[in-house]
Amino acid sequence: MRAPAPAYAANDGVIDAARAALGDMIVDALDHVGEVTLTIDRARLVEAMTRLRDTKGLEYQQLMEIAGVDYPERPERFDVCYHLLSLTRNHRLRVRVTTDEVKPVPSVTGIWPVAGWLEREVYDMYGVLFSGNNDLRRILTDYGFRGHPQRKDFPLTGYVELRYSEESKRVVYEPVKLAQDFRSFDFASPWEGAEYVLPGDEKVALPEAKGAPTPLKADEIVKADAAQSAKVVPTEVKTSENTTQTGAGKPHPHAGPEPKSPDVIPGKGQNQ
């Protein structure tokens, strides 16, 4: 494998060949980041697509995708982008038209029948109308869905929900209902501490310093302070000047009997 991805033909001469074939049908042409985009007059879209498919040197035989883009700040807020592929030239091309909520885009189902499903997706997500599509229905959302979810102004939250009704045999809208029967909520903030003690936590309770929060009542605190002050506090500090006062060791190294040496034979005298 010489390349990790298929290599496509270069864009050299593509815009010139398209201008020669389409003429004034091209509103704008752009070659950017390796992709060629042609903006076509919406009313002449079918004629332009036919020439892009049949003209020698262009030959874009396949329609790969139709995508919608929403720019709410523009008068014609929607872009409808057609992605074409030339099998003989191994090249891709993007064709773009603009429209709004009312003006329909000519359908290209007569050129590529696969466009029927792709146009339905753009209609479902953006609300773009296609004239000449005999089966322009929603394809991704549920029955009775209101609005177009890919529009920038589509609300993300609401007060209704969708469900399929067995009685009505269709999708119905109902107010949002949150069942709370089997839920138990504790709204105590974990950062402030709950008012209850979990089982086992009472074993690790540490004595608190004076002035710290305490569950005792005021009279119990007064009694505890009185009992603490009643204890006798020693006023004299105990000190020791030598080891004899502690009962451990000798007052000096030569105090007491000297140890017996195994090399000395005891005699009758005191020192022998």
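Set aside the neighbours within four places in sequence, and histidine 148 is in contact with Tyr123, Asp124, Met125, Tyr126, Gly127, Arg138 and Phe154. This is a predicted model. Histidine 148 sits in the loop between strand 7 (130-131) and strand 8 (160-165). Its relative accessibility is 15%, and buried means under 20%, so histidine 148 counts as buried. Its side chain also reaches the backbone oxygen of aspartate 124, at 3.1 Å.

Five strands make an open sheet in the order 1-2-5-4-3, with mixed pairing. Strand 1 and strand 3 are the edges, each pairing on one side only. From one strand to the next, the twist averages 20 degrees. Strand 2 and strand 5 run parallel, paired over three bridges, and threonine 39 stands opposite arginine 96 in strand 5.

| Helix | Strands touched | Angle between directions |
|---|---|---|
| Helix 1 | strand 1, strand 2, strand 5 | about 170 degrees with strand 1 |
| Helix 3 | strand 3, strand 4 | about 10 degrees with strand 3 |

Which residues of helix 2 (45-54) are buried? They are Leu45, Ala48, Met49 and Leu52. Their arc around the axis is only 100 degrees, which puts them on the same side of helix 2. Among the elements covering them are helix 1 (14-22), strand 2 (35-40) and strand 4 (78-86).

Met49 and Leu52 turn up again in the largest nonpolar core, which has 37 residues: along with Leu63, Tyr82 and Val95, they touch the most other members. Elements giving two or more residues to this core include helix 2, strand 3 (62-70) and helix 3 (115-126).

Notes. Residues numbered from 1 in each chain as written. Predicted model: local features only at pLDDT ≥ 70, side-chain atom pairs only at ≥ 80, totals over all residues. Heavy atoms only, no water. Buried < 20%, exposed > 50% of the residue type's maximum accessible area, 1.4 Å probe, protein only. Helix = DSSP H or I, 4+ residues; strand = E, 2+ residues; numbered from the N terminus. Arc of directions from axis to C-beta. Contact = heavy atoms within 4.5 Å. Polar contact = N/O pair within 3.5 Å; in protein donor to acceptor, adjacent residues only side chain to side chain. Core = buried A, V, L, I, M, F, W, Y, C linked by side-chain atoms within 4.5 Å. Pairing = 2+ DSSP bridges. Axes fitted to C-alpha atoms, helices over the stretch in contact; angles between N-to-C directions.
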